[in-house]
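Visitor: I have this one open on my screen and would like to talk through how it packs. Could you take me through it piece by piece?

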Amino acid sequence: MQKIVTGLMILALLVVLSGCADMTPTQQRTLTGGAAGAAGGALIGAMAGNAGMGAAIGAGVGLAGGYLYGKHKESEQNAYQQGYQQGQMSR
């Protein structure tokens with residue numbers, strides 16, 4: 001029984017990860033943050049007595065964190081590209 005559950009979890013993970021191919025990096029970071037937050041929240045919630053509530057709170061926090069991190073990385077990339085272009089034009 002445990003082998004079946006493990007196999008199904010691996011299959012579900014592969015399906016979810018293959019769905020990320022057409023996403024922007026910010027969308028991927030947001031999704032990853034939400035999934036990681038939900039998992040962490042469920043673990044903490046299970047210890048506290050309510051795994052569902054912990055997963056919901058963790059997912060919300062993870063989504064927000066992943067989105068903010070993605071936007072930060074976008075702004076870094078944009079600043080780099082802008083500086084690179086200015087450097088190329090000054091040659």
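Visitor: Is Thr26 buried or exposed?

Guide: Thr26 is buried, because its relative accessible area is 5% (buried means under 20% relative accessible area, exposed over 50%, and partly exposed in between, with a 1.4 Å probe and protein chains only). Keep in mind that this is a predicted model, in which local features need pLDDT of at least 70 and side-chain atom pairs count only at pLDDT 80 or more, while totals for chains, interfaces and linings use all residues. Residues are numbered from 1 along each chain as its sequence is written, and side-chain values use heavy atoms, with hydrogens and water left out.

Visitor: Where does Thr26 lie, and what does it touch?

Guide: Thr26 is part of helix 2 (helices are DSSP runs of H or I with at least four residues, numbered from the N terminus). Leaving aside residues up to four places away in sequence, Thr26 touches Tyr67, Gly70, Lys71 and Glu74, where contact means heavy atoms within 4.5 Å.

Visitor: And what about Thr30, what does that one touch?

Guide: Thr30 is also found in helix 2 and counts as buried, because its relative accessibility is 17%. With residues up to four places away in sequence not counted, Thr30 touches Gly62, Leu63, Gly66 and Tyr67.

Visitor: How far apart are Gln27 and Gly66 in space?

Guide: From C-alpha to C-alpha they are 8.4 Å apart, although 39 residues separate Gln27 and Gly66 in sequence. Gln27 has its place in helix 2 and is partly exposed, with a relative accessible area of 41%.

Visitor: Switching to the other helix, which residues of helix 3 are buried?

Guide: In helix 3, the buried residues include Gly54, Ala55, Gly58, Ala59, Gly62, Gly66 and Gly70, and what covers the buried residues of helix 3 includes helix 2, residues 25-48.

Visitor: At what angle do helix 2 and helix 3 cross?

Guide: Their axes cross at roughly 150° and come within 6 Å, where axes are lines fitted to C-alpha atoms, for helices over the stretch in contact, and angles run from 0 to 180 degrees between N-to-C directions. Helix 2 and helix 3 are therefore roughly antiparallel to each other (angles over 145 degrees count as roughly antiparallel). The residues of the contact of helix 2 with helix 3 comprise nine nonpolar, twelve polar and four charged; Ala, Val, Leu, Ile, Met, Phe, Trp, Tyr, Cys and Pro count as nonpolar, Asp, Glu, Lys and Arg as charged, and the others, Gly among them, as polar.

How values were computed
Helix = DSSP H or I, 4+ residues; strand = E, 2+ residues; numbered from the N terminus. Parallel < 35°, antiparallel > 145°, perpendicular 65-115°, else oblique.
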